[in-house]
Amino acid sequence: MVTQDQLLLKNRYIVGDVLGQGGMAAVHRAHDTSLGRDVAIKLFPPVRDEALLLQQETEVTVLATLSHHGLVSLFDAGIDRRVDGHDRVFLVMELVEGVDLQRRIFEGTLIGRNVGQIGYDLAEALQYIHHRGVVHRDVKPSNVLFVDYSDDSTRARVKLTDFGIARRVGDAVEPVGASTTGTAAYLSPEQVLREEVGPPSDVYSLGLVLLECFTGVIAFPGDPTESALARIEKDPHIPETIAPQWREVLAAMTHRDPASRPVANDLVLAMRALTVMEMGRHSAEPVIDGAPDEAARMAAVRRYDVLDTPPDGAFDRITAMAARILETPIAIVSIVDADRIWFKSRFGIDVEQIDREPGLCSSAIMFDEPWVVTDARYDPRVLANPLVAGEFGLQFYAGVPLRTRDGHHLGTLCVIDFEPREISEDQVKTLEDLAALAMTELELRLETRRNRGLASAS
């Protein structure tokens with residue numbers, strides 16, 4: 001039942017309380033009487049200016065082409081002409097039950113694991129829209145909404161919203177004399193300078209957002225002009241209290257040169273790796289969905305009895321073959337222990353083991369798919385790694401997990417080079433096949449030991 005003081009749109013949506021108010025529109029809670037569900041409605045004021053109407057219609061057009069779990073979904077749109085006969089555009093969107101990131105930061109800084117999870121979701125969302133030729137241009141904490149799935153999960157899940165000033169790539173240059181579009185505290189340098197704004201601009205803004213998650217303060221405070229101009233003259237201050245891996249990634253994201261920033265595809269991998277790193281640093285905290293159970297993995301390592309064992313010709317043939325086929329100077333069959341990485345077989349290197357923390361194999365075992373770094377000098381996942389930045393000079397790494405039948409990763413078969421290089425799909429497949437051979441050998445040996453134990457018991 002609709003009362004006289006309630007607004008009914010399209011004879012379907014009952015508009016309720018205001019959830020948020022911005023400079024361009026108000027967002028209301030509403031009820032969809034046709035589908036019996038609550039929604040959010042973004043209701044613009046009556047428009048007399050053709051340019052403003054075009055901007056509103058652009059948001060509808062952009063949102064209509066996008067559908068991704070990291071974005072607030074558009075369900076419907078329309079135009080209401082009840083106010084003085086003027087067009088009043090409205091958008092019907094997914095209702096996200098959760099606070100925005102701005103309010104969450106106001107309540108206190110976030111731990112690194114949650115920052116990684118937030119960064120991962122937003123990087124995935126940017127990867128999706130950039131692939132479809134869209135630039136958001138207004139990535140900021142108030143446009144990031146936490147999602148409450150009511151599943152008791154400790155994982156931070158967020159969605160990106162408000163495409164009010166989004167544009168297609170190539171259409172995002174501000175007209176001469178126009179005011180700078182966006183929110184001053186999170187503008188990229190190219191937005192301030194009114195230069196061409198592409199995907200790197202969103203990456204810069206996201207870098208400022210994630211930095212604020214750690215510090216609780218805006219990187220470039222002050223009035224809009226002071227804040228906007230500051231980033232042209234200097235980089236944001238990244239405190240030493242933030243982990244070095246995070247500092248490297250945040251510095252790369254907020255580089256003043258757009259061409260020097262990582263692309264969203266690389267950020268997705270970097271955020272996942274940083275989240276895994278934070279899980280390792282805070283092992284007492286609950287792990288994110290899908291992360292490996294380290295206690296069960298270590299039990300599997302002990303079960304296969306492969307630590308501190310003598311050199312083995314069967315595995316040596318596998319590493320030699322991997323190095324020869326992929327034309328790399330180094331190949332290793334590694335086993336990742338609790339605090340070190342033991343080289344069960346090695347080709348082209350004399351070291352038998354290294355500490356677990358700097359080893360790239362400890363990152364590679366966190367993923368079911370191959371973990372590849374084609375140019376470590378520009379990969380935000382490994383920029384701060386001592387094997388990359390130090391004397392060793394690693395520049396290329398490709399590792400495939402040694403996966404047991406019950407799904408645990410003992411270690412990797414990896415190849416390493418001191419020069420950046422690409423790796424083809426066929427070469428990755430070869431590496432996976434060789435890793436499978438190594439695991440077959442380990443499974444056979446485990447079965448043999450079990451059979452001998454049964455024979456002795458009988």
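How many bridges join strand β3 to strand β4?

## The β3–β4 pair and its sheet

Strand β3 (residues 26–32) and strand β4 (residues 37–43) run antiparallel and are joined by seven bridges, where strands are DSSP runs of E with at least two residues, numbered from the N terminus. One of these links is between Ala-30 and its bridge partner in β4, Val-39.

Both strands belong to an open sheet of six strands in the order β1-β2-β3-β4-β6-β5, with antiparallel pairing; two strands pair if DSSP finds at least two bridges between them. At the edges lie β1 (7–9) and β5 (74–80), each of which pairs on one side only.

## Basis of the model

This is a predicted model, in which local features need pLDDT of at least 70 and side-chain atom pairs count only at pLDDT 80 or more, while totals for chains, interfaces and linings use all residues. Residues are numbered from 1 along each chain as its sequence is written, and side-chain values use heavy atoms, with hydrogens and water left out.

Apart from neighbours within four places in sequence, Ile-118 is in contact with residues including Leu-101, Phe-146 and Leu-210, contact meaning heavy atoms within 4.5 Å.

Key. Helices (H or I, at least four residues) and strands (E, at least two) are DSSP runs, numbered from the N terminus.
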